[in-house]
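Take a walk through this model, one feature at a time. Start with the charged side chains, then turn to the helices and the surface.

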Amino acid sequence: MSAIAEEYTLSKSEKKKIIFLMCSVLLFSVMNGTMFMIAVPDIAKSFSLLPSQVSWVVTGYIILYAIGALMYGKLADIYPLKTLLTIGLSLFAAGSVFGFFAPTFLMVVIARLIQAMGASSILALAFIVPSRYFWDERGRVLGIVSSTMAFASGVGPVIGGFVAGALNWQFLFLISALVMITIPFFQIWIPEEEKKEGKVDILGAVFIAVAVADLILFITMFDWWYFVISIVFFGLFSWRISKSDIPFIRPDLFKNAPYRTTIIAGFFAIMTMMGLMFIMPLLLSEVNELNTLLIGLTLFPGAMVAAFMGRWAGLLTDRRGSNQVVFIAFALMITGFLLISTFTGGPAWLISTVLIITFIAFPFIQTSTANLISTVLPRNEIGVGMGIYNLVNFMSGAFGGAIIGKILDYDNDIKLNPFSIAQGNEIVYSNIFVGFVVLTILNGCFFYMSFRRKQYLS
């Protein structure tokens, strides 16, 4: 048994309680994002806002959520998980209660920012818990985590559309506030830990936070000044970690070839998967003329099957190794993207059916890459390593959405897929999925060649 497993010897009952707790709060965290995306039009109407104004409900949340995922990951290498989760859950619950009673749009945005500061702890630590308490069954637990995320992503829009339609969008805050119920159980069930040696480089943390925030603002608003500021602060951050005795991120972390390869491959894989999540509501609305609720119901079967398959992805990762599962995910993605490209313009039930294949790839790619990172990093760097992993996932999603948004601004009548049934304005959607296929094939080749060259391929 590994040293890590010996330090936290837990009974089956204790392990089940921890998994149940983490999945419960992760459900609230992920749903909180998808529910509010559905409610953005209603919020704009309530406060008579322009699209650029109401977008801060989502943009502000994403910025702090991404930064928080990195910060909590770093802190987890030093401070007990119980302490970090208690702080995070308290902030999440406080922001939710504040948002429910918020009388102005400014107060709503502030509430969302407080929510993000807390909710990001849940995502960050959900990927650290398996390597901390379940060392010999990391894949299985990571599969459960990925299943929960897939389920929450699918059910979030359905619940959000129903609650916002039947009651009011403010009641979405009330749903998220229920997370406060779990705080006492974390105090009881999470193992006691001592604070480890180490300090947090505050200046380095500020530099990377500003750099990431401005990069996300550039991606979402396409203002070049944000890009310039981001580059400047990334430069300051690079200077800081090379000079500091206690750098926020150790420079040699990026010299770890398997870790670097996994981060890069994960970036492009998640970019296409999040691009899928971004484009499908637009496609179903414009091409199939579905309303918000029907769009949610069309996506729902794929999310549910993905949630079910997440457990198998975890078990397969433990049995066959992370690398093999990455290739399975790539194969599912290529097949799914190609089928969606072919049947774009077809009936919604057909699109819903072929989406299942692509949705299944999500827990496979997430479980395998997260597990791979936990095996190639030293124990004292898993927290910050996972934090960077989560940050990169957010950045890739933002990049994917921004690129697709620009592509959709232009008409295209040249079919890249000769078997596609798309016509007219449907063709551009079909072509985007062809692009996803090409990118995934190139990404798979990169992953294979990188690990083969370093002799890490199993």
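Lys15, Glu137 and Arg140 are linked in a network of salt bridges. A salt bridge here is a side-chain nitrogen of Lys or Arg within 4 Å of a carboxyl oxygen of Asp or Glu. The model is a predicted one: local features need pLDDT of at least 70, side-chain atom pairs count only at pLDDT 80 or more, and totals for chains, interfaces and linings use all residues. Residues are numbered from 1 along each chain as its sequence is written, and side-chain values use heavy atoms, with hydrogens and water left out.

Arginine 140 is partly exposed, because its relative accessibility is 22%. The cut-offs are these: buried is under 20% relative accessible area, exposed is over 50%, and partly exposed lies in between (1.4 Å probe, protein chains only).

By the salt-bridge rule, the count comes to 8. Which side chain does arginine 132 meet in a salt bridge? The partner is glutamate 193, at 2.5 Å from N to O. This pair links distant parts of the chain, 61 residues apart. Arginine 132 sits in helix H7 (residues 129-133), glutamate 193 in the loop between H10 and helix H11 (202-221). Helices are DSSP runs (H or I, at least four residues), numbered from the N terminus. Arginine 132 has 8% relative accessibility, so this residue counts as buried. Glutamate 193, at 10%, is also buried. Glutamate 193 forms a salt bridge with lysine 196 too, with the closest N and O atoms 3.8 Å apart. Lysine 196 is partly exposed, at 25%.

Now the helices. Two packed helices are described by the angle between their axes and the distance between the axes. Axes are lines fitted to C-alpha atoms over the stretch in contact, and angles run from 0 to 180 degrees between N-to-C directions. H4 (residues 56-75) and H6 (residues 105-126) pack at about 30°, with axes 7 Å apart. That makes H4 roughly parallel to H6. H15 (residues 322-343) and H16 (residues 348-376) pack at about 155°, with axes 8 Å apart. H15 and H16 are therefore roughly antiparallel. Angles under 35 degrees count as roughly parallel, over 145 as roughly antiparallel, 65 to 115 as roughly perpendicular and the rest as oblique.

Last, look at phenylalanine 185. This residue lies in helix H10 (residues 183-189). Phenylalanine 185 is partly exposed, with a relative accessible area of 35%.

Conventions. Helices (H or I, at least four residues) and strands (E, at least two) are DSSP runs, numbered from the N terminus.
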